[in-house]
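This briefing goes through a structure with two chains, topic by topic. Keep the sequence and the 3D view open while reading.

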Amino acid sequence: MHELGVALEVCRMTEARLGADGVAAVRAIGLEVGDEAGVEVGNLQFCLEALLAEPPFAGARPVILRRAGDVLRLAFLEVDDGCTND
Amino acid sequence: MAVRTIDVRERVMARNDAIAAQVRERLRAAHVPAFNLVSSPGAGKTLLLERTLADLGRELSIAVVTGDVQTQNDADRLARHTDRLVQAVVTNGACHLDARQILTALDSIDLESTDLLFIENVGNLVCPAGWDLGEDAKIVLFSVTEGEDKPVKYPKLFQQASTVVFTKLDLLSHVPFRMEQAVRFARQVNPDLKILSTSALAPGGMDQWYQFVRAHARRPVLR
């Protein structure tokens with residue numbers, strides 16, 4: 001069940017990044033997951049959805065991008081700066 | 001609102017790997033070799049270590065960190081064969097050890113008086129491959145009661161390992177295990193694998209393993 005551990009680490013990395021950038025909310029979290037990463041993608045998706053339902057992530061959706069090899073990487077964050085576009 | 005995308009491209013395992021680097025640095029500073037024993041459940045990791053502690057414990061000071069999903073049964077078994085404290089890590093459901101657990105365990109090990117550290121990982125051929133513990137090498141135990149094709153089914157762990165230790169050789173005549181085929185599969189995924197054969201229950205069945213252990217311990221062995 002290390003997908004939960006991976007999901008928790010993704011949340012920690014995201015929080016650290018959001019704190020550094022001072023953004024209001026995260027809308028999506030993009031993860032690159034390799035076929036040989038030792039991660040069951042459906043399980044990881046389930047864990048991320050459960051964790052992202054809670055603050056400070058409420059409303060964020062996981063986006064899992066399948067890749068070749070053993071890559072396991074936080075690829076991007078789609079964030080809301082909390083201000084209007086002029 | 002202004003929605004934008006932040007390009008991150010950061011490895012999820014980066015923090016574990018940074019802690020593993022700390023473990024490696026501490027072990028190397030103390031000149032303590034460390035081996036991460038991995039296998040499927042029931043391959044004989046604990047029995048191999050029991051025999052090793054019982055037979056080599058007087059000539060080598062061997063430290064052990066052992067991980068289990070639940071219970072400290074393995075640590076209790078090992079503790080009967082050594083005066084040293086066996087570090088038990090109960091993962092509470094996690095399917096592998098991580099570097100943070102090893103770094104914490106090192107705080108309770110007198111590295112100055114340690115010739116060799118064994119880490120007995122949770123029985124699992126998938127997840128331990130993703131988690132560097134700061135060891136010098138992974139050693140895969142491969143029991144003759146398993147299928148010969150384990151290396152090609154779980155290539156990542158066999159690719160990462162330096163050594164395969166076949167176990168339960170005393171059962172070879174009772175099971176349909178083809179050793180040559182298993183070795184062929186192992187070499188197919190990792191041509192550099194060192195291969196040892198053991199039986200923890202047969203006379204002389206641990207000789208190859210003990211030779212390996214003595215060769216890798218910190219101090220020259222005086223006998």
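Two residues are in contact if their C-beta atoms, placed from the backbone, lie within 7 Å. By that rule, the contact between the chains takes 27 residues from chain A and 23 residues from chain B. The model is a predicted one, and the predictor gives the complex an ipTM of 0.87 and a pTM of 0.86.

**Where the chains meet**

- On the side of chain A that touches chain B, the elements giving two or more residues are α1 (2-21) and β3 (72-80) of chain A.
- Of the elements on that side, β3(A) gives the most, with 9 residues.
- Sorted by class, the side of chain A that touches chain B has 11 nonpolar, 10 charged and 6 polar residues.
- β3(A) also pairs with a strand of the other chain: 7 bridges join β3(A) to β1 (residues 3-11) of chain B, in the antiparallel sense.
- One place to look for this pairing is Leu74(A), whose bridge partner in β1(B) is Glu10(B).

**The sheet shared by both chains**

- Which strands make up the open sheet of 4 strands, and in what order? The order is β2(A)-β1(A)-β3(A)-β1(B), and the pairing is mixed.
- β2 of chain A and β1 of chain B stand at the edges with a single partner strand each, so one side of each has no neighbour in the sheet.
- From one strand to the next, the twist of this sheet averages 20°.
- Inside chain A, strand β1 (residues 25-34) pairs with β2(A) in the parallel sense, over 7 bridges.
- In that pair, Gly34(A) stands opposite Arg67(A) of β2(A).
- Helix α2 (residues 41-52) of chain A packs on the sheet and touches β1 and β2 of chain A. The direction of α2(A) makes about 160° with that of β2(A).
- In a regular strand, side chains alternate between the two faces of the sheet.

**Chain A as a whole**

- Chain A has 2 helices and 3 strands, and along the sequence they follow the pattern α-β-α-β-β.
- A compact globule of 86 residues would have a radius of gyration near 12 Å, and the 13 Å of chain A agrees with this.
- Taken along the principal axes, the C-alpha atoms of chain A fill a box of roughly 45 × 25 × 20 Å.
- The average pLDDT of chain A is 88, and 91% of the residues score at least 70.
- Where in chain A is confidence lowest, and where is it highest? The lowest is in α1(A), with a mean of 86, and the highest is in strand β2 (residues 61-67) of chain A, at 96.

**The sheet of chain B**

- In chain B, 7 strands form an open sheet with parallel pairing, in the order β4-β3-β5-β2-β6-β7-β8.
- Why is one side of β4 (87-90) and of β8 of chain B left without a neighbour in the sheet? Both strands stand at the edges, and each has a single partner strand.
- The twist in this sheet averages 20° from one strand to the next.
- Strand β2 (residues 34-38) of chain B runs parallel to strand β5 (residues 116-120) of chain B, and 4 bridges join them. Asn36(B) has Ile119(B) as its bridge partner in β5(B).
- Strand β7 (residues 163-167) of chain B runs parallel to strand β8 (residues 194-197) of chain B, with 4 bridges between them. The chain passes from β7(B) through helix α7 (residues 179-189) of chain B to β8(B), and this β-α-β crossover is right-handed.
- Helix α4 (residues 99-106) of chain B lies across β3 (62-68), β4 and β5 of chain B. With β4(B), α4(B) makes an angle of about 150°.

**Chain B as a whole**

- Chain B has 8 helices and 8 strands.
- For 223 residues, a compact globule would have a radius of gyration near 17 Å; chain B has 18 Å, in agreement with that value.
- The C-alpha trace of chain B spans about 75 × 40 × 35 Å along its principal axes.
- Chain B has an average pLDDT of 92, and 97% of the residues score at least 70.

Technical notes
Residues numbered from 1 in each chain as written. Chains lettered and ligands numbered in written order. Predicted model: local features only at pLDDT ≥ 70, side-chain atom pairs only at ≥ 80, totals over all residues. Pairing = 2+ DSSP bridges. Right-handed = clockwise from strand over helix to strand, strands pointing away. Nonpolar A, V, L, I, M, F, W, Y, C, P; charged D, E, K, R; others polar. Axes fitted to C-alpha atoms, helices over the stretch in contact; angles between N-to-C directions. pLDDT = per-residue confidence, 0-100. Rg over C-alpha atoms; globule rule 2.2 N^0.38 Å.
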